[in-house]
Amino acid sequence: MRIAKDMNRDWKFLKTEGGAWESVNLPHTWNAQDGANGFNFYKGACWYEKRFQVTSQEEGKRFFLEFQGSNSVTDVYMNGKHLGQHRGGYSTFRFDVTDGLAVGGENTLSVKVDNTVYEDVYPQMADFTFYGGIYRDVALIVAEPVHFDLMDHGSQGIYITQEKVDREKAELTVRSRISNSREATEKVRLWLEVLDDAGKTVAYGAREVFVEAGSTAEAAVPLSIENPNLWHGLENPYLYSLKASLASCNDTVDEVLIPFGVRHFEVDAEKGFFLNGEHLPLHGVSRHQDRKDMGWAITPREQDEDMALIKEVGANSIRLAHYQHNQYFYDLCDREGMVLWAEIPFISVMGKSDADGENAKQQLVELIRQNYNHPSIFFWGVQNEIQIGGEKPLVRQVVQELAEIAKKEDPNRLTTMANVMFVKDGDPYNFMTDTVGYNKYYGWYQGQAEDFAGWLDGFHAANPKVKLSISEYGAEGIIQYHSETPKVKDYTEEYHALYHETVWKIFEARPYLWGTYVWNMFDFGANIRDEGGVQGRNNKGLVTYDRKIKKDAFYMYKAHWSKEKFVHITGKRFVERATGEIDLKVYTTCGKVRLQVNGTTMEEKDGDGHVVVFRQVPLQMGENTLQVEGLMADGSLEARDTAHFQRVREENPSYGAPEAKGGVVDNWFTMPEDLEDVVVEELVMSEDCFSTKDSLGAMMENMEAKAVIRKYLGDVESQPMYGMLEGMSIDMLAGMAEETFTEKVMYLLNKELSAIRKGQEQ
Ligand code: GCU
């Protein structure tokens with residue numbers, strides 16, 4: 001029988017050649033501190049080393065080293081011999097280490113991990129930090145020579161396909177891969193048993209399998225469960241387990257236990273998502289896996305805490321962005337009933353020398369094979385905003401191929417993708433996968449939150465058959481910034497909450513959206529960012545990076561999605577108030593709410609809409625205590641919240657974000673100041689010459705065009721975001737930074753660019 005030995009403890013770690021070895025335990029990253037504080041974080045090759053014993057009793061077994069995640073290129077050496085390399089930082093990978101191992105003696109395992117960005121390993125460039133290290137568990141699996149295959153792309157070697165599921169019956173096919181490393185053909189008996197949650201056998205099957213020497217055989221066994229208990233999201237995340245074992249003569253030589261659930265589902269372009277025939281609007285959040293001062297090297301404790309927060313907000317679906325997450329987390333989602341979108345990091349740009357997206361394809365096959373049995377996964381995401389890199393036929397082709405690979409690997413789940421906001425309604429990208437998502441940022445990078453309504457309805461009318469979701473939407477919310485009059489791009493906690501209120505109302509009224517995913521559940525490390533006075537972070541989370549503070553917007557969703565009774569007074573961190581009267585906003589799940597100001601009961605309001613505003617609440621100079629009670633229909637008390645405000649004479653200047661213009665994209669460029677005398681005139685443009693329609697990258701290759709860009713936009717190439725921007729045209733950028741790219745600036749750019757002929761790049 002196989003055993004998995006924990007290999008997480010007692011490693012030595014060397015960051016730089018010639019430096020000192022430190023003692024570390026796994027999970028480990030060398031970017032725990034520098035990964036989310038600024039642009040520069042340590043990127044390079046580092047070494048890990050571990051000595052361990054293998055006892056002579058284990059003679060004759062097979063040994064596999066299992067890494068659950070190491071970012072991003074990993075070379076493994078056993079006793080000085082190179083076993084191989086894994087390219088990709090998120091999937092499980094294994095090496096068969098049997099040959100190089102000293103059984104009955106001491107072994108040295110050396111691992112080189114490199115988080116340098118290589119041109120053929122994804123992601124290339126993205127709005128999150130690529131923490132380096134062996135940041136997930138490592139185990140040594142000791143197996144008998146005949147075992148369920150451990151070398152099929154890091155999978156379990158067993159694939160449970162749900163052929164047909166309804167309330168009467170779940171028809172399954174269990175495909176097992178069995179490996180034999182002996183020198184003779186082996187006859188083994190494969191036993192499969194489905195156990196219910198009380199351990200009772202509800203289905204079983206057996207098969208005699210001949211496995212030739214040194215090879216792997218496959219056996220597909222049909223099983224069916226009568227009157228199955230269906231896995232039904234949060235309401236009933238019912239799990240069966242498959243006990244698969246291999247018997248040879250009178251011995252069980254291998255056994256694995258795989259939890260799984262049975263369910264059927266569909267997406268309708270008009271009505272949305274259906275689970276087991278029931279309509280289930282997917283109220284989703286996105287999650288990144290990092291954490292303050294830990295980076296990606298988190299433990300089950302942090303993952304449990306993330307899940308508890310996601311459950312508290314009332315979400316029933318998670319987009320696990322932008323890469324494969326920890327097996328522990330997928331297991332948690334199975335148990336808790338979360339509907340998942342899982343994806344690969346084929347994001348932003350394709351590698352410059354990558355001819356056919358080979359590494360993206362490898363990561364997709366790993367993602368699917370490793371996670372095939374998780375009932376929580378419904379959608380395979382093949383790309384995220386890959387259009388940022390510019391219009392390239394090759395990219396389209398690779399996305400199409402990825403969609404086909406996902407279908408071939410798993411015909412029973414749905415494929416999807418997350419388009420960048422500027423992809424047009426009629427673009428073929430919208431028809432490559434079974435369903436599609438858009439990352440839309442009206443009310444942050446573009447326009448106003450209200451603009452969602454028009455865009456959604458227009459898209460749906462133009463593409464009535466496209467199964468549409470919003471794969472991302474969000475705004476920055478930094479808890480130290482506050483305003484009585486919140487507005488786009490001011491970074492305040494109040495705008496963040498107001499934005500989500502407005503957008504949620506629009507989404508809620510559109511049942512054709514099969515799912516919507518808040519960007520993001522948690523703030524996260526993004527080394528390319530420097531905004532709102534916070535370096536190295538994306539602050540769009542409903543909860544802070546350290547998971548300590550739930551922003552007001554968190555409670556807005558909780559009020560709409562959760563059944564827990566609560567009242568939440570917003571703006572509690574906005575302590576100093578410079579006005580005599582304020583509008584006090586409350587998020588609640590209670591039917592009635594009652595306000596008291598400084599001990600006097602003021603007003604009672606209906607809470608059914610979940611968002612209640614008490615208008616013109618008077619504040620006295622100095623301290624004020626406001627209390628809101630949530631009441632049941634019969635008037636009894638259900639919940640209570642208290643806020644303390646201080647009325648002051650002048651606004652606290654530290655409540656304003658440091659950005660003069662308050663705009664994120666605006667901040668990436670330096671703009672000419674004195675444009676008063678510029679008169680905008682009609683320009684004659686020709687395709688042979690440059691214009692703001694061209695990508696930044698294309699212009700940087702022409703000396704004259706580059707000079708124009710520099711003159712008007714500053715030293716764009718030194719901007720950490722440059723890599724993400726170079727594939728975009730100035731017109732696209734202007735759409736995201738209207739305050740900066742004024743009509744006059746655009747006119748001046750086009751006037752000078754249109755005088756430069758293309759095709760003479762130096
Ligand atoms: C993008 C992207 C995210 C990013 C987000 C943002 O759409 O997919 O990775 O963090 O937008 O700008 O906040």
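Colleagues, the model is predicted, so local features need pLDDT of at least 70 and side-chain atom pairs count only at pLDDT 80 or more, while totals for chains, interfaces and linings use all residues. Residues are numbered from 1 along each chain as its sequence is written, and side-chain values use heavy atoms, with hydrogens and water left out.

I begin with the ligand. Which residues come nearest to the ligand? Of the 13 around it, they are Asp-127, Glu-385, Tyr-445, Glu-472 and Lys-540; a residue counts as near if one of its heavy atoms lies within 4 Å. This shell divides into five charged, four polar and four nonpolar residues; Asp, Glu, Lys and Arg count as charged, Ala, Val, Leu, Ile, Met, Phe, Trp, Tyr, Cys and Pro as nonpolar, and the others, Gly among them, as polar.

Next, the polar contacts, meaning pairs of N or O atoms within 3.5 Å. An N or O atom in the side chain of Tyr-445 is 2.4 Å from a ligand oxygen. For the side chain of His-322, the distance to a ligand oxygen is 2.7 Å, and for a polar side-chain atom of Tyr-441 it is 3.3 Å. On its own the ligand has 320 Å² of accessible area, of which the protein covers 95%; such areas come from the Shrake-Rupley method with a 1.4 Å probe.

I turn to the domains. In an unreviewed entry, UniProt lists residues 270-561 as "domain: Glycoside hydrolase family 2 catalytic", and such annotations may be inferred rather than shown by experiment. That span is 32% helix and 21% strand, with its end C-alpha atoms 22 Å apart; helices (H or I, at least four residues) and strands (E, at least two) are DSSP runs numbered from the N terminus. UniProt's unreviewed entry also gives "domain: Glycosyl hydrolases family 2 sugar binding" for residues 41-141, a span with 0% helix and 47% strand.

Finally, the backbone. Most residues other than glycine have a negative phi, and most peptide bonds are trans. Where does Glu-385 lie? Glu-385 is in the loop between strand 25 (377-384) and helix 4 (393-409), and its phi is positive, near 50°. A cis peptide bond joins Leu-26 and Pro-27, with omega about -5°; Pro-27 lies in the loop between strand 3 (22-24) and strand 4 (45-54). The bond from Asn-71 to Ser-72 is also cis.

Note on methods
Polar contact = N/O pair within 3.5 Å; in protein donor to acceptor, adjacent residues only side chain to side chain.
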